[in-house]
Amino acid sequence: MTNPNCADCGKYARKKDEFYMLKDELWQAHGVGKGLLCIPCMERRLGRPLQPDDLQDVPANTLGNPYTRKILGLPPLPPKKPRDL
Ligand SMILES: [Zn+2]
């Protein structure tokens, strides 16, 4: 079991709507191996905001995380409504 906290700031980084996956070569160059980094810390390491080419085509980026959806140019997820009963 890997540490679920950001290796740089210590914030919990495994929340579904903040999880993301970078391309392997980028993670190998700037990431923390089997550890986790929150997006602000990853962007600080890169010295720039994330770009569409940085992200893997996986559900974590395309479905779970509103921020990576925005980077990828996907429309915002519909707000969760309480179900009508
Ligand atoms: Zn962090």
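Lysine 23 touches Asp54 and Gln56, leaving aside residues up to four places away in sequence. I start with this residue, in what is a predicted model. Lysine 23 sits in the segment before helix 1. Is it buried, exposed or partly exposed? Lysine 23 counts as partly exposed, because 13 C-beta neighbours fall inside 10 Å.

Let me turn to leucine 22. This residue also belongs to the segment before helix 1, a helix that spans 24-30. Leucine 22 counts as buried, because it has 21 C-beta neighbours inside 10 Å; the cut-off for that class is 20 or more. Which residues does leucine 22 touch, not counting those up to four places away in sequence? They are Trp27, Gly31, Asp54, Leu55 and Gln56.

I now move to the core. The largest nonpolar core has six residues in all, namely Cys6, Ala13, Leu36, Leu37, Cys38 and Met42. One of these members, alanine 13, can be examined through its own contacts. Not counting residues up to four places away in sequence, alanine 13 touches Pro4, Asn5, Cys6, Glu18, Leu36, Leu37 and Cys38. Among the core members, then, Cys6, Leu36, Leu37 and Cys38 are touched by alanine 13.

Next, the chain as a whole. Its secondary structure amounts to four helices and zero strands, so that the order along the sequence reads α-α-α-α. The C-alpha atoms fill a box of roughly 50 × 30 × 20 Å along the principal axes. Of the 85 residues, 16% count as buried. Considering contacts between residues at least 6 apart in sequence, 55% join residues at least 24 apart.

Finally, a word on confidence. The mean pLDDT of the chain is 92, and 96% of the residues reach 70 or more. Where in the chain is confidence lowest, and where is it highest? The lowest value belongs to helix 3, residues 59-64, with a mean of 91, and the highest to helix 2, residues 39-46, at 98.

Key: Residues numbered from 1 in each chain as written. Predicted model: local features only at pLDDT ≥ 70, side-chain atom pairs only at ≥ 80, totals over all residues. pLDDT = per-residue confidence, 0-100. Helix = DSSP H or I, 4+ residues; strand = E, 2+ residues; numbered from the N terminus. Buried ≥ 20, exposed ≤ 12 C-beta atoms within 10 Å, placed from the backbone. Contact = placed C-beta atoms within 7 Å. Core = buried A, V, L, I, M, F, W, Y, C linked by C-beta atoms within 7 Å.
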